[in-house]
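Subject: Structure handover

Hello,

Here is the structure for you to look over.

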Amino acid sequence: MKILKSVDLYKYNTMKLHCFAEIMYIPESVNELVELITMLKEQHLNFYCLGAGSNIIFAERVERPIINLMFFDNSLCYCENGIVQCGASVRIQKLISWLKNYSLGGIEYLFSVPSSVGGAVYMNAGRGRKFNMSISDYIQMVKYLDLSDMKIKTLCGNEYFSYRTSPFQKINVVILNVFFKFKKQELAVTERLIKERLEYSKKTLSADKPSCGSVFNKVNPFIIRLFMGKVSGGAMFSQKTPNWICNMGNATAKDIENLVGRVIRIHRLFLLKYNLEIRFFK
Ligand SMILES: Cc1cc2nc3c(=O)[nH]c(=O)nc-3n(C[C@H](O)[C@H](O)[C@H](O)COP(=O)(O)OP(=O)(O)OC[C@H]3O[C@@H](n4cnc5c(N)ncnc54)[C@H](O)[C@@H]3O)c2cc1C
């Protein structure tokens, strides 16, 4: 296991915030992960679990230890009957490309999402609400480490997943690996869908500046549009994509928190529902 001290988190978050963590642990196997968490729990230390960092806003100094989950299981395995087993550390693009070898597909719309498989399952990543398409559509079983008793458990099926919500958000777990059953799909179809997704992203998303994707997963569509172009320090609500904050160069967590706070205050004032998707690691 690697241990990094006083780490610049710039390369660990897609918002590209320059901030520091006191300590980052990088377990390279499930055993190392279990030993590490056992040790941190014995010391009564709270910690953050980090995937690819595409939904995280780091504070300028993160005092809790960070466990980097991108190296403990990068395995991909084709099992029987079209079932695929995938480690939580695997990048979603790697999974989508690998599935082509078996003429399987279905999640090409995630090709533009800079996520790990563990993070995508935890967040139930997918397309916009109206499309009703999420990674959970293909989940057969998830193996996870339950941090309350440190036992490895399995969740079968996908009935407890909903839009951007997974059952893991309500309990304290690390997702270890996932069994999927994707649909049969010709290689040429997969390649076309990937190409279309990348073109769609280029056209509709503010991909030229660092971001964390959609800020809220439930928000009033009219109000959030009023914020397009609003600035706080180095952070700005995109002028191209609603509900999307960009780092214009030197944004901090405080700048982003400030923009998010303004949206929340208006929703509260008019008793409107909202739900924040991005997560602040303080
Ligand atoms: C350019 C861009 C485009 C995006 N487009 C989309 C989109 O189309 N659809 C969509 O749904 N999202 C989108 N997102 C948001 C984001 O990519 C997803 O939420 C993604 O699934 C988060 O995965 P991650 O590995 O980066 O997790 P992180 O951001 O590192 O973590 C997110 C949460 O998951 C937890 N977590 C991560 N891995 C594990 C694990 N193995 N076990 C337990 N908990 C874990 C973390 O503790 C944290 O609470 C986009 C983001 C960006 C930057």
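Helices (H or I, at least four residues) and strands (E, at least two) are DSSP runs, numbered from the N terminus. This is a predicted model: local features need pLDDT of at least 70, side-chain atom pairs count only at pLDDT 80 or more, and totals for chains, interfaces and linings use all residues. Residues are numbered from 1 along each chain as its sequence is written, and side-chain values use heavy atoms, with hydrogens and water left out.

The ligand site

Start with the ligand. A residue is near it if one of its heavy atoms lies within 4 Å. The ligand is surrounded by 33 residues. Cys49, Gly51, Ser54, Ser116 and Gly126 are the closest. Four elements each give at least two residues to this shell: strand 3 (48-50), helix 3 (117-123), strand 12 (173-181) and strand 14 (211-214). Helix 3 has the largest share, with five residues.

By type, the shell holds 17 nonpolar, twelve polar and four charged residues. Here Ala, Val, Leu, Ile, Met, Phe, Trp, Tyr, Cys and Pro count as nonpolar, Asp, Glu, Lys and Arg as charged, and the others, Gly among them, as polar.

Next, the polar contacts (pairs of N or O atoms within 3.5 Å; within protein, one must be able to donate a hydrogen and the other to accept it, and residues adjacent in sequence count only if both atoms are side-chain atoms). A backbone N or O atom of Gly53 is 2.8 Å from a ligand oxygen. Ser115 uses a polar side-chain atom, 3.0 Å from an oxygen of the ligand. Gly126 has a polar backbone atom 2.8 Å from a ligand nitrogen. Taken alone, the ligand exposes 980 Å², and the protein buries 93% of that. Those areas come from the Shrake-Rupley method with a 1.4 Å probe; for residues, only the protein chains shown count as cover.

Four strands form an open sheet in the order 14-18-17-16, with antiparallel pairing. Strand 14 and strand 16 (231-232) are at the edges with a single partner strand each, so one side of each has no neighbour in the sheet. Two strands pair if DSSP finds at least two bridges between them. Strand 17 (residues 235-237) and strand 18 (residues 244-247) have three bridges. Phe237 has Ile245 of strand 18 as its bridge partner.

Asn243 sits in the loop between strand 17 and strand 18. Its phi is positive, about 65 degrees, although Asn243 is not a glycine. Asn243 is buried, at 10% relative accessible area. Buried means under 20%, exposed over 50%, and partly exposed in between (1.4 Å probe, protein chains only).

Ser232 is in strand 16. Ser232 is buried too, at 7% relative accessibility. A polar atom of its side chain lies 3.4 Å from the backbone oxygen of Asp255.

Ser6, in strand 1 (residues 2-8), also has a positive phi, near 45 degrees. Ser6 is partly exposed, at 45%.

Cysteines

How many disulfides does the structure hold? Zero, where a disulfide is a pair of cysteine sulfur atoms within 2.5 Å. For Cys19, the nearest cysteine sulfur is that of Cys212, 11 Å away. Cys19 is buried, at 1% relative accessible area. Cys86 is buried at 0%.

Best wishes
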